[in-house]
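Colleague: Before I look at this one closely, could we go through the terms you use, and could you tell me each time what value stands behind the word?

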Amino acid sequence: MQDIIYLIFGTLFFFMLSIVNLGIIIKVKAFFGGRYGVPIFQKMYDILKLWQKSIKLSQTTSWVFFAGPLLATIVPVFCFLFLPFVAFPSILSFDGDFLLFVYMFGLLRFFTTSSALDTGSSFEGMGSARELTFSFLVEPIMFVCFIILAKGTSSLSLEDFFGYNILDAWSDYSTVFGIVVVCFFVIMLAENSRIPFDDPATHLELTMTHEVMVLDHSGPLLASILVGSAMKLTLFAILIVDLAIPFKTGILPLDTTIGIFAVLGMGVVVGITESVMARLRLTDIKKILMGTLIISLFGIILISR
Amino acid sequence: MFLCISLFFILCSAFLPFFIAKKNPLLCDKLFAFFYSIGALLGLGFIAFGITKGLHVAYTLPFSILFSYFSIKIEMINLLFMIPIYLIGSMSAIYSTSYWSTAQKGLGSSFRYRLYLCLFTISMILLVISDNFIMFITFWEIMSLLAYGLITIDEDSEEAQSAGYLYFIATHTGVIALMGMFAIIQVYFGFSDFSSALGKIDANLAIASSIFLLGVFGFGMKAGFFPLYFWLPSAHSSAPVPISALLSGVMIKMGIYGILKILFMFSNIPHWWGWLIFAIGILSGILGVVYAIAQHDIKKLLAYHSIENIGIIAIGIGLAMLGRSYHNSTLVLFGLAGALFHVINHSLFKPLLFYSAGSIIEKYHTRDIGHYGGIIKVQPYTALFFLIGAVSISGLPPFNGFASEWLLYMGMFKTLFSHQNTLMPVVFGILSLALIGGLALACFVKVFGISFLGNPRKIELSNVKESSLFMLFPMAFLSTICFVLGVFPSIMKDILLDIASAFNQKNIYVKIDTLINLSEAYLWFFMIFGVVLAVVLYQTRGKISKNIGTWACGFSHKTPRAQYTSSSLMQMILDLFGWTLHVKRGAFCSKELFSQKYHFYLHQNDKTIYWLAKISEKFLLFCSKLRTIIHNGYMGIYVLYIFVALILMLLYVGN
C-alpha cells in the first residue's frame with residue numbers, strides 16, 4: 001500500500017517535472033531567438049485541451065492504433081519505478097532491472113511504429129522506418145553504457161549503479177564515466193527526437209522522424225503521446241543527473257532541490273544545444289550514432305584494462 | 001509404461017481413423033487429432049510427473065534382431081526436449097484437421113501425411129530417450145528421412161521437391177559426420193552409449209577435438225548453424241505449414257540436443273571450443289536476422305528467424321562451455337539455463353508464428369508480404385496471435401522471449417565482475433544480443449505492420465472470413481503458454497538448475513531465483529497498464545468517430561500502392577548491412593518521350609548461400625574438367641589404363 005502511494009506521488013511529481021522541463025526548453029529556445037516565449041506551463045494547457053477533445057479515426061485503423069499512444073504513457077511511468085531520483089531510492093529494484101528498462105522502450109517502439117503503420121499512410125511509414133533504424137543503432141550504445149556502469153560499480157541494478165559506490169567509481173574511472181555521460185546525452189537527444197537528430201518543431205513531414213508517426217492521432221490519444229514524450233525526455237534527464245551528480249549531502253530536502261534544479265538544468269542544456277545547432281542530414285545521423293558507439297566501446301577498453 | 005501407451009496412441013491415430021475415411025472424411029481427421037492429442041496428453045503427463053518427481057529411468061531392452069540391445073535413459077534433459085515434441089506434434093495434428101484435410105487433399109495424400117507425421121514424432125521421442133549410439137543414429141536417420149517425406153509431400157510443387165532434395169543431401173552429409181564421430185568414440189574409447197561415456201573422455205587428447213568438430217558439423221547441419229543452414233530456408237518455406245512448425249520448432253532442436261549430449265561426455269572442455277560455439281552463435285544470430293529482414297516471403301522470413309534463434313541458443317551453449325573451461329559456475333548456470341529456456345520458448349513462438357502465417361497463406365494463396373495488408377480487419381484473431389508471437393520472438397517483455405534473453409544477458413553481465421580478463425570478449429555477446437534484439441524487432445514490425453495493418457495492397461479482402469477453430473485453437477493455446485511463461489518464468493527454474501548442474505559435473509551454488517523479480521515487476525506494469533487503459537477508455541467513450549480517411553498531407557488521390565512497402569520500410573537498415581547481401585536491382589522504362597510506365601525491381605538475397613552455390617559450382621566444373629582429361633574418348637588411352645592397372649596389380653601381388 002505504501003508503495004502505491006509512493007508511486008502515485010512519484011508519478012505526479014515526475015509528470016510536473018516533465019512539463020516544466022519541456023517548458024524550460026521552449027523558453028531557452030525563445031530566449032536565443034530573441035522572443036519572449038510561451039508560458040512554462042503551456043504544454044500542460046495543450047494537454048488539458050487535447051484531453052477534452054473527441055477522437056477522429058481513419059477508416060483504415062484498427063485497435064493497434066490505440067496501443068502505441070497508451071504505451072507511450074505507460075512505459076515511461078513504469079520505467080520511472082526503477083530509476084532512483086537523487087536521494088530517493090527506486091520503488092522497484094532487482095538485479096538486471098536495467099535490461100527491463102531498455103527492453104520496455106523496445107516494446108514502446110514496437111507499438112508506436114506499428115500504430116503508425118496502422119494508418120496506411122506513406123508518411124507515417126517513413127517515420128517508422130527512420131525510428132526503427134535509429135533506435136536499433138541507439139540500443140547497443142545504451143548497452144555499452146550499462147556495461148561500463150556495471151563494471152565500474154560492480155552492481156547490476158539501476159539503483160545500485162547510482163547508489164553508494166558511484167562516488168568511488170567516479171574517482172577511479174572518471175574519464176570513462178565522462179564518456180558515459182556524453183553517450184547518455186546523445187542517447188537522450190536521439191531517443192527523444194531533439195535537434196540535431198530530429199526537429200520536433202518543424203512540420204514538414206518529409207523531414208520528421210518521431211512527429212510524423214503521430215500525424216493521425218487526435219484528442220486524448222495525442223495528449224497521451226505528448227505526456228509520454230515529455231516524460232521520456234525527463235526520464236533520460238534523470239538518468240544523466242543521477243550519474244553526473246554522484247555526491248549527496250545527506251539532507252533529503254537539499255538533495256532533492258539539487259536534483260530538481262539539475263534536471264531543469266538538463267532542460268537548459270538541451271535548449272542551448274537546440275538553439276546553436278542545426279538539424280543534421282538524415283544520412284549523417286547514422287554516422288553520428290555509430291561514432292558514439294565507437295567512443296563508448298573505447299570506454300569498455302579503458303575500464304577493463 | 002506411460003510413454004509406451006502414449007506412443008501407441010499416436011501410432012493408432014495414424015491408422016484407425018482411416019477405416020471410416022471414405023464415409024466421413026471430416027470425422028476421420030477429427031479422430032486423428034483426438035487420438036493424437038490423447039497420446040500427447042499422456043506423454044505430457046508423464047513428463048510433468050517426471051519433472052516433479054525428479055525421474056531417473058534407465059532400461060536396457062534386448063533387441064537381438066538388429067542390434068544387441070536398446071538402452072533407454074530418461075533424465076531431466078531428455079524430459080525437457082520431449083516437451084516440444086509432444087506439444088507441437090499435437091498442435092500440428094489439430095491444425096492439420098483443417099489445413100491438410102482428407103476431403104481436400106485426397107485419401108492417399110492425407111494418409112501418407114498423417115502416417116509420416118505420427119512416425120516423425122515417434123522417432124523423435126525415441127531419439128531423445130535412446131542411450132546407445134547405434135539406436136540414436138538409427139532414429140536420427142528415420143527422423144531425417146520422414147522429414148524428407150513430409151517436406152516433399154506435395155507432389156505437384158516443384159519447389160518442394162527441389163527443397164527436399166537439397167535437404168536430403170544436407171542431412172546425409174551431416175549423418176556421415178555423425179557416424180564418423182560415433183565410430184571414433186567406439187573405437188578409441190570403447191564406449192557404446194552416452195551414459196557410460198558420461199564425463200569420461202579427456203578433451204585434451206587430439207582425437208577429442210575431432211570428435212567435437214565432427215559433432216558440431218553433423219548436429220550443426222541439422223540445427224542450422226552458420227554456414228551449414230543452407231538447406232533450412234527453402235525446406236521450411238516449401239513444407240506444409242504444420243510441418244514447417246514441427247521442423248522449425250522441434251526438429252532443429254534435436255541438433256542442439258545432440259551437441260549437448262556430446263558435450264556431456266567430456267570431462268573437461270578446452271577454451272577454444274567455447275569460443276568457437278560462441279562465435280558461431282553470434283554469426284548465425286546476426287546474419288540470420290539480417291537475411292530475414294531482406295526476405296519478402298513470409299515463411300522464408302520465419303525460417304531465417306529460426307537461424308537467428310539457433311544463434312541465440314548457441315551463444316548460451318557457448319557461454320556454458322566457457323564457464324566450464326574457466327571454472328565459472330555462474331556462467332554455466334546462466335548460459336545453459338538461458339539456452340535451454342530459449343529452446344523451449346522458440347519451440348512455442350515459432351510454431352505459433354507459422355500457424356498464423358499459414359492461416360493467412362491459406363486464404364490469399366501467396367507468401368509475399370508485399371501483397372498483404374489490412375488483414376487485421378477480416379482475421380482479427382489470427383492477427384492478435386501473430387502479434388503475440390511477434391512480440392515474444394522479438395524478446396520484448398512481458399513475453400517469454402524476454403525471460404530467456406534476460407538470463408543470457410545476466411550471465412554475461414555477471415562475468416564482468418569476475419577478475420578473469422580473458423572472459424572480456426563476452427561483451428561482444430551482449431552487444432550482438434542487443435543488435436539481434438533491435439533487428440528482430442524491426443523485422444517483426446515490418447511483417448506485422450505490412451501484412452496485417454494498413455490497406456490491402458494486392459489481395460482482395462472482401463469474402464474472407466476468419467480461419468476455422470481447428471486453426472485458431474493451436475494458436476490460442478501457444479499464445480497463452482507464451483504469455484504465462486513470460487510472466488511467470490520461475491516455473492522453469494528448477495529443471496534448468498538441475499540440467500545446468502549435471503552439465504557442470506559438480507553442484508552449482510548460484511541460484512536463478514531472480515526470475516521471480518520479473519513477475520513482480522510485471523505486476524506493477526499490469527497495474528499501471530490497467531489504470532491508464534481505464535482512464536483513457538473512460539475519457540474517450542462515445543467520443544470516437546471513425547469516418548475519415550487517413551491524412552495524406554493534403555494529397556487527395558490516395559492509393560494503397562502509396563503505402564510503405566516491406567522493402568522501403570527496411571531499406572535504411574539493409575543499407576547498413578549491404579555487404580552481407582547479394583543485391584540485384586534494376587529499372588525498366590519505356591523509351592518514349594513521355595514515359596508512362598516505370599518498373600523497378602530490387603532483390604536482396606542471402607549472400608552466404610549465393611557464395612556456397614558459386615563455390616560448389618566451381619568445384620563441380622573443376623571435377624568434370626578433370627574427368628574429361630581422364631575419360632577422353634581415345635580407345636588407345638583406355639587400353640593403356642587397363643594395362644597400367646594390370647601392371648600395378650601384378651606388382652602388388654608379387655610383393
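This is a predicted model: local features need pLDDT of at least 70, side-chain atom pairs count only at pLDDT 80 or more; totals for chains, interfaces and linings use all residues.

**Terms against values**

Modeller: In chain B, α15(B) passes α18(B) in a left-handed crossing. Residues are numbered from 1 along each chain as its sequence is written, with chains lettered from A and ligands numbered from 1 in the order in which they are written.

Colleague: Which residues of α15(B) and α18(B) meet?

Modeller: From α15(B) they include B:Tyr381, B:Phe385 and B:Ile388, and from α18(B) they include B:Leu472, B:Met475 and B:Phe483. Contact means that the C-beta atoms of two residues, placed from the backbone, lie within 7 Å.

Colleague: What makes chain B as compact as a globular protein of that length?

Modeller: Chain B has 23 helices and five strands. The radius of gyration of chain B is 27 Å, close to the 26 Å that the globule rule gives for 655 residues, so chain B is as compact as a globular protein of that length; the radius is taken over C-alpha atoms, and the rule is 2.2 Å times the number of residues to the power 0.38. Along the principal axes, the C-alpha atoms of chain B fill a box of roughly 100 × 70 × 65 Å.

Colleague: How do you know that chain A agrees with a compact globule?

Modeller: With 305 residues, a compact globule would have a radius of gyration near 19 Å, and chain A has 19 Å, so the value agrees. Chain A holds eleven helices and one strand, and its C-alpha trace spans about 55 × 45 × 45 Å along the principal axes.

Colleague: How do you know that B:Ile573 is buried?

Modeller: A residue is buried if 20 or more other C-beta atoms lie within 10 Å of its own, exposed if 12 or fewer, and partly exposed in between. B:Ile573, which sits in helix α21 of chain B, has 22 C-beta neighbours inside 10 Å and therefore counts as buried. Apart from neighbours within four places in sequence, B:Ile573 is in contact with A:Leu132, A:Thr133, A:Phe136, B:Ile293 and B:Ala442.

Colleague: How many residues of chain B are in contact with chain A?

Modeller: 62 residues of chain B are in contact with 64 residues of chain A. Among the elements of chain B that each supply at least two residues to the side touching chain A are α16 (400–415), α20 (515–540) and α21 (566–576), while the largest share, 13 residues, comes from α17(B).

Colleague: What makes α5(A) mostly covered, and what length is expected of it?

Modeller: 32 of the 32 residues of α5(A) are buried. Helix α5 (residues 122–153) of chain A reaches 46 Å from its first C-alpha to its last, close to the 46 Å expected at 1.5 Å a residue, the expected span being 1.5 Å times one less than the number of residues. A:Ser154, with a positive phi near 50°, follows α5(A).

Colleague: Are B:His327 and B:His365 buried or exposed, and what is the count behind the word?

Modeller: B:His327 has 12 other C-beta atoms within 10 Å, so it is exposed. B:His365, with 8 other C-beta atoms within 10 Å, is therefore exposed too. B:His327 lies in the loop between α13 (298–325) and α14 (329–364) of chain B and has a phi near 55°, a positive value in a residue other than glycine. B:His365, in the loop between α14 and α15 of chain B, also has a positive phi of about 55° although it is not a glycine.

Note on methods:
Helices (H or I, at least four residues) and strands (E, at least two) are DSSP runs, numbered from the N terminus. A crossing is left-handed if the near helix is turned anticlockwise from the far one by less than a right angle, and right-handed if clockwise.
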